[in-house]
Amino acid sequence: MTQTAVEFRRGWPVLVAAALGTAFGASPVPFNSAGPFIKPLAEEFGWGRGDIQLALFWFTAAVVLTVPFIGGLADRIGVRKVAIGALALFGLTFAALAFTPASLLGFYLLWALMGALGGGSTPVTWTRAVNAWFVHNRGLALALTLMGTGITAAFLPSLATWLIEEFGWRKAFLGIALLPLAVALPVVVWLFREPGEKDAHALVAPAMGVGASVSGALRDYRFWVIAVSILCIAIGVGGSITNFQPLLMDRGFAPQEAARIAGVIGVSVIVGRLLAGVLIDRYWAPLVTLPMLALPAVACLLLAQSQVPVTAAIVSAVLIGLAAGAETDLVAYLTARYFGLANYGRLYGLQYAVFGFASGISPFLFGKVFDVTGSYRPILYFAAVLFVLGALALLTLGRYPTFGTTAAD
């Protein structure tokens, strides 16, 4: 039996659970459902678009503060308990948004609570187990895991729009909360775990204790190059996704039509994720992902025009989705390849904190620029530059290191 067959035969249950946990966890659900809620909340409470989307910043700020701790906790006690608890708490706190008061402070507190309690349902948790089960097919396995975010992005804007139109925005929050609570959580309880000694997984066991120390990684320029790249790309992707549907509606698109086109981002995320996963197992990751991370600059230029034809909107959705698809699993892959698995949870937790901060602040930046100028054009031009810079930065990483048999000092 080939190494590929052995890894997937032993690891597929964890892969399925991790993909569902990722799909309906704290990473994709808030960002891909936010767009449809912007106008209803603005109409009911009189809040600006920037004010509403600042909630995503407080959400990700809470995630940023808790994820490094959660990563370290997963390194020490295993990811199963962390994953189950965090996914359940995320679903419950997301449901609590149905009781949003007519107060921005109360709205922000609900989002911050969701980030603090549900941060363990981000990819930091799921990829920790997947990296343990897969070595020779790690890139593809991470792509399949994180493909869940693409599935969510493909249908959630339309689902959220339909729920809002049929039942109102408060009940829509309750409906979406069933995804983590009623769909993902039972599967995670059933299938999700790390390999133990009895698994006798010869491909994985030697790799678990080797890699850079946290202090060693923080002294390595490559850690900071990855962080800068994340910052640039995530600012462009986060703001583009959450404001994509309102932007198209401003251009005259009907809500459901805008939601369907926004769903194209999710389909493209899946394609980008699988494509990146297959290629980075075979070739140097920064080079093969360069076009996927840089081409969304073209999407920003298309969306900045006063008239956006349907074709241009779809092309923009495809390009943004490719970057979103390649980025998150690329960061997980690069963290494992350049720094090993000995302290993967903490190191990826730190990198994910950068991703979370950038993803959280960018919707606010996009919305605030619109509130002040009446247009998304200035922030779209800025995002175009960031996409190119973030993609090029990864080219400075150099060759993958080779680790010994114990964790580096």
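1. Salt bridges. In this predicted model, the count of salt bridges comes to five. Side chains of opposite charge can pair when their charged atoms come close.

2. Lys39 and Asp250. A salt bridge joins Lys39 to Asp250, and the closest N and O atoms are 3.8 Å apart. This pair links distant parts of the chain, for Lys39 lies in helix H2 (residues 28-45) and Asp250 in helix H10 (residues 221-250), 211 residues apart. Lys39 has a relative accessible area of 25% and is therefore partly exposed. Asp250 is likewise partly exposed, at 32%.

3. Asp250 and Arg49. Asp250 also meets the side chain of Arg49 in a salt bridge, with an N to O distance of 2.9 Å.

4. Arg170 and Glu44. A further salt bridge is formed by the side chains of Arg170 and Glu44, at 3.8 Å from N to O. Arg170 is in helix H8 (residues 169-191) and Glu44 is in helix H2, so that the pair links parts of the chain 126 residues apart. Both residues are partly exposed: Arg170 has a relative accessibility of 31%, and Glu44 has 43%.

5. Overall fold. The secondary structure consists of 17 helices and zero strands. For 409 residues, a compact globule would have a radius of gyration near 22 Å; the protein has 20 Å, which agrees. Along the principal axes, the C-alpha atoms fill a box of roughly 60 × 40 × 40 Å. Of contacts between residues at least 6 apart in sequence, 86% join residues at least 24 apart.

6. Of the 409 residues, 61% count as buried. The largest nonpolar core has 136 residues, and those touching the most other members are Phe37, Phe94, Ile176, Phe192, Phe244, Leu248 and Leu334. Helix H15 (residues 310-339) provides the largest share of this core, with 17 residues. Leu248 may be examined as an example: leaving aside residues up to four places away in sequence, Leu248 touches Phe253, Ala258, Ile261, Val308 and Ala313.

7. Surface and nonpolar patch. The accessible surface of the protein comes to about 15,000 Å², and carbon and sulfur atoms account for 69% of this area. Leu89, Leu92, Leu113 and Leu117 make a nonpolar surface patch of about 330 Å². At least two residues of the patch come from each of helix H4 (79-95) and helix H5 (104-118). Leu92, which is found in helix H4, counts as exposed because its relative accessibility is 53%, the cut-off for that class being over 50%.

Definitions and conventions. Residues numbered from 1 in each chain as written. Predicted model: local features only at pLDDT ≥ 70, side-chain atom pairs only at ≥ 80, totals over all residues. Heavy atoms only, no water. Patch = residues over 30% accessible without salt bridge, like charges linked within 9 Å, V, L, I, M, F, W, Y side chains within 5 Å. Areas by Shrake-Rupley, 256 points an atom, 1.4 Å probe, with all protein chains shown as cover. Salt bridge = Lys/Arg side-chain N within 4 Å of Asp/Glu carboxyl O. Helix = DSSP H or I, 4+ residues; strand = E, 2+ residues; numbered from the N terminus. Buried < 20%, exposed > 50% of the residue type's maximum accessible area, 1.4 Å probe, protein only. Rg over C-alpha atoms; globule rule 2.2 N^0.38 Å. Contact = heavy atoms within 4.5 Å. Core = buried A, V, L, I, M, F, W, Y, C linked by side-chain atoms within 4.5 Å.
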